[in-house]
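Look at the model below and follow the chain from end to end. The paragraphs after it start with the packing of secondary structure, then turn to single residues.

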Amino acid sequence: MADDGAGNDGNGAGGGGKGALGELVKAESMIQLAIALPAGCVIGWLVGSWLDRHFHQGWIAIVGILLGAAAGFVQIFRTASRYIKRG
């Protein structure tokens with residue numbers, strides 16, 4: 001195994017170890033937290049806009065944004081709780 005400079009010979013890969021790879025996993029989790037809410041809102045808005053055009057309504061896009069925001073918050077809580085359990 002390759003030495004990552006932290007003295008754990010790569011054993012922390014994927015498990016949130018203290019090596020360089022463990023730090024990258026933590027950074028990926030933080031990036032996922034930052035992207036979850038805006039991505040949910042945008043996807044909800046796009047689906048809602050399509051449904052607005054399809055059903056000739058004007059309110060479905062707003063509901064889509066709200067549902068996307070709720071889905072983004074759920075994803076944030078799931079990721080944060082997984083990160084907290086890891087330690």
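The axes of helix H1 (residues 20–55) and helix H2 (residues 60–86) come within 7 Å and cross at roughly 160°. Each axis is a line fitted to C-alpha atoms, for helices over the stretch in contact, and angles run from 0 to 180 degrees between N-to-C directions. H1 and H2 are therefore roughly antiparallel to each other; angles over 145 degrees count as roughly antiparallel, under 35 as roughly parallel, 65 to 115 as roughly perpendicular, and the rest as oblique. By class, the contact of H1 with H2 has 17 nonpolar, 11 polar and 4 charged residues. Here Ala, Val, Leu, Ile, Met, Phe, Trp, Tyr, Cys and Pro count as nonpolar, Asp, Glu, Lys and Arg as charged, and the others, Gly among them, as polar.

This is a predicted model: local features need pLDDT of at least 70, side-chain atom pairs count only at pLDDT 80 or more, and totals for chains, interfaces and linings use all residues. Residues are numbered from 1 along each chain as its sequence is written, and side-chain values use heavy atoms, with hydrogens and water left out.

The protein chain has 2 helices and 0 strands. These are DSSP runs, numbered from the N terminus: helices are H or I with at least four residues, strands are E with at least two. Of the 87 residues in the chain, 23% count as buried. Buried means under 20% relative accessible area, exposed means over 50%, and partly exposed lies in between (1.4 Å probe, protein chains only). Among contacts between residues at least 6 apart in sequence, 45% join residues at least 24 apart. Contact means heavy atoms within 4.5 Å.

Now take the helix pair residue by residue. Ser-29 sits in helix H1. Is Ser-29 buried or exposed? Ser-29 is buried, with a relative accessible area of 4%. Not counting residues up to four places away in sequence, Ser-29 touches Thr-79 and Arg-86. Its C-alpha atom is separated by 9.4 Å from that of Arg-82, 53 residues apart along the chain.

Thr-79 lies in helix H2. Thr-79 counts as buried too, at 2% relative accessibility. With residues up to four places away left out, Thr-79 touches Ser-29, Gln-32 and Leu-33. The C-alpha atoms of Thr-79 and Ala-36 are separated by 9.7 Å, and the two residues are 43 apart along the chain.

Leu-33 is in helix H1. At 23% relative accessibility, Leu-33 counts as partly exposed. Which residues does Leu-33 contact, leaving aside its neighbours within four places in sequence? They are Ile-76, Thr-79 and Ala-80. The C-alpha atoms of Leu-33 and Phe-73, 40 residues apart along the chain, are separated by 9.2 Å.

Last, the connection. His-56 is in the loop between H1 and H2. His-56 is exposed, with a relative accessible area of 69%. Its phi is near 55°, a positive value in a residue other than glycine. Most residues other than glycine have a negative phi.
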